[in-house]
Amino acid sequence: MRMGKKYRKKLPVRPPKKIPSIFPCPNCGKKAVKVFYDRGEGEAVVSCGNCKIYVKIKVPPIFSAVDIYGRFVDLFYEGKVETGSGTVENAQNRQS
Ligand SMILES: [Zn+2]
């Protein structure tokens, strides 16, 4: 009779992954959003390398890049993130 053998399949030991700091952009859809976090300042900068969206967020020190990104997305959908130049197209009347 088998008594639960202490025989485990060896699980591949994964090296501790660095939390990715590049996220998909809610504005342009590209995976080009980077999170820079200055713990000293308690301030994070989130910017997109594609559409140049840029925002500074005050964040508590316990926040990780993912949390900051989540905050950024929230703010974006609340319309509190300025999308900067080039995203809002002014209707250009090119009538001649
Ligand atoms: Zn973008």
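**The hairpins and their sheet**

Tutor: Start with the hairpin of β1 and β2, which has six residues between its strands. There, G29 takes a positive phi near 85 degrees. Residue numbers run from 1 along each chain as its sequence is written. This is a predicted model, where local features need pLDDT of at least 70, side-chain atom pairs count only at pLDDT 80 or more, and totals for chains, interfaces and linings use all residues. Here pLDDT is the predictor's confidence in each residue, from 0 to 100.

Now look at the strands on either side. Strands (E, at least two residues) and helices (H or I, at least four) are DSSP runs, numbered from the N terminus. Two strands pair if DSSP finds at least two bridges between them. β1 and β2 (residues 31-38) run antiparallel and are joined by three bridges.

Move on along the chain. The hairpin of β2 and β3 has four residues between the strands, and G42 takes a positive phi near 70 degrees. Six bridges link β2 to β3, again antiparallel. Here V35 stands opposite V46 in β3.

The hairpin of β3 and β4 has five residues between the strands. In that hairpin, K52 has a positive phi near 65 degrees. Five bridges hold β3 and β4 in an antiparallel pair. A44 faces I57 of β4 across the pairing.

The four strands make an open, antiparallel sheet in the order β1-β2-β3-β4. β1 (22-24) and β4 (54-58) are the edge strands, each pairing on one side only. On average, neighbouring strands are turned by 30 degrees against each other, direction ignored. Such angles, from 0 to 180 degrees, compare N-to-C directions of axes, which are lines fitted to C-alpha atoms, for helices over the stretch in contact.

Next, find the helix. α1 (residues 65-77) lies across β1, β2, β3 (43-48) and β4, at about 115 degrees to β2. The order of elements from the N terminus is β-β-β-β-α.

Y69 touches F23, V33, V35 and V46, not counting residues up to four places away in sequence. Touching means that the C-beta atoms, placed from the backbone, lie within 7 Å.

Y69 also belongs to the largest nonpolar core, which has 14 residues. A nonpolar core is a set of buried Ala, Val, Leu, Ile, Met, Phe, Trp, Tyr and Cys residues joined through C-beta atoms within 7 Å. A residue is buried if 20 or more other C-beta atoms lie within 10 Å of its own, exposed if 12 or fewer, and partly exposed in between, with C-beta atoms placed from the backbone. Those with the most contacts inside the core include V33, V35, A44, V46 and I68. β2, β3 and α1 each give two or more residues to this core. In soluble globular proteins, nonpolar side chains tend to be buried together.

How confident is the prediction? Mean pLDDT is 81 for the protein. Over residues 86-96, pLDDT stays under 50.

How values were computed: Two residues are in contact if their C-beta atoms, placed from the backbone, lie within 7 Å.
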